[in-house]
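Subject: Structure handover and notes

Dear colleague,

Please find below the structure that I promised to pass on to you. My notes on what was found in it follow directly after.

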Amino acid sequence: MTTRVDSWIWAIRLTKTRSAAGAACRAGHVRVNSATAKPSTAVAVGDEVRVRLGGRERVVEVTRLISKRVSAPMAGECYIDNSPPPPPRELAGAVPQRDRGTGRPTKRDRRDLEKLRMRSGFLVASAALLLALATGCSGDDDNGSDDPARTTAAAAPGPFFGPCGGVTVDDVSRITGFAGLTQTVNNTSACEWDASADRTGKVASFNWYRGSPIGREEANVKLSRATAKNIEINGHKGFIGYDQTQGICEIGIGFGGDFFEWSVSAAERGSTVATLPPIDTVCDSARQLAGLVIERAS
């Protein structure tokens, strides 16, 4: 007996609506047994379901199949929650961002955003000047030293990435070495390439997060991957997280108030730790793909 994954994650209250569950699947944020799931992907008792929502990844094991919304106590009987703890509160603060699904910013949106950033920068500079004048008039002798904690730089606007970060299926196949890749997701913020018709094969995905804090996603990766650390690619800073037992490597690179993320998974149905390629090879593919996006950004 099986049920659709979009119905199940809505029924157990991981999403508020069934349409939100379907949207999460189409955006590549739902995985069943490490394979990216379509809304119609079937789940069975014993399956592992991963859902990434709001910068946090939920990891649950299916213990009971339902397709209708139930109360919270009843929903809790349908799964075992293996989710990592949420990121620290200081990393999950409210940050202004565009609503998901609204498409790329228009020229007017970008002009308005730039005006807001310029205004914010002016206010910050004015506050810093007043603080400096007040300090100078106080009679304290600090030899004119500057305290970097007193000033805050306005976030720089991020670049524009073409469709799928400007990366093609040929690029992904050549860099990862994954044979038989086909594109299964292609929208304004996410693209995915899968090596199997039923999404149980090797996968590479690209996500562009506009107006989202990279720190929140970095905290989530550090909690959900065996190893995570800071990196720099072509002068741009970010993070990398990987897990040899899962054969997956993720890289996020920040650009002002935006960031993009590459995820490369070499796991497929029937694979084991012994049959997976070295994680360094998987991460090298993710690094090359990230570098390619940076080179082709405008």
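Contact is taken to mean heavy atoms within 4.5 Å, while helices (H or I, at least four residues) and strands (E, at least two) are DSSP runs, numbered from the N terminus. Please bear in mind that this is a predicted model, in which local features need pLDDT of at least 70 and side-chain atom pairs count only at pLDDT 80 or more, although totals for chains, interfaces and linings use all residues. Residues are numbered from 1 along each chain as its sequence is written, and side-chain values use heavy atoms, with hydrogens and water left out.

I begin with helix α6, which spans residues 214-224. Its buried residues (buried meaning under 20% relative accessible area, exposed over 50%, and partly exposed in between, with a 1.4 Å probe and protein chains only) are Arg-216, Glu-217, Glu-218, Ala-219, Asn-220, Val-221 and Ser-224. These buried residues of α6 pack against β5 (48-53), β6 (56-62), β11 (227-233), β12 (236-243), β13 (248-255) and β14 (258-265).

The structure holds 12 salt bridges, where a salt bridge is a side-chain nitrogen of Lys or Arg within 4 Å of a carboxyl oxygen of Asp or Glu. Glu-217, already named among the buried residues of α6, belongs to a network of salt bridges that also links Arg-52, Arg-225, Glu-250 and Glu-261.

Three further pairs may be of interest to you. The side chains of Arg-4 and Asp-6 meet in a salt bridge at 3.0 Å, N to O; Arg-4 counts as partly exposed at 35% relative accessibility, whereas Asp-6 is buried, with a relative accessible area of 5%. Arg-50 and Glu-48 are joined by a salt bridge at 3.1 Å, N to O, and here Arg-50 is buried at 11% relative accessibility, while Glu-48 is partly exposed at 26%. In the salt bridge between Arg-174 and Asp-171, the closest N and O atoms are 3.4 Å apart. Arg-174 and Asp-171 lie 3 residues apart in helix α5 (residues 169-176), so they are separated by about one helical turn. Arg-174 is exposed, with a relative accessible area of 55%, but Asp-171 counts as buried at 9%.

Lastly, strand β8 (residues 182-186) and strand β9 (residues 190-194) pair in the antiparallel sense over 4 bridges, pairing being assigned if DSSP finds at least two bridges between two strands. A hairpin joins β8 to β9 through 3 residues, and Thr-182 stands opposite Asp-194 in β9.

With kind regards
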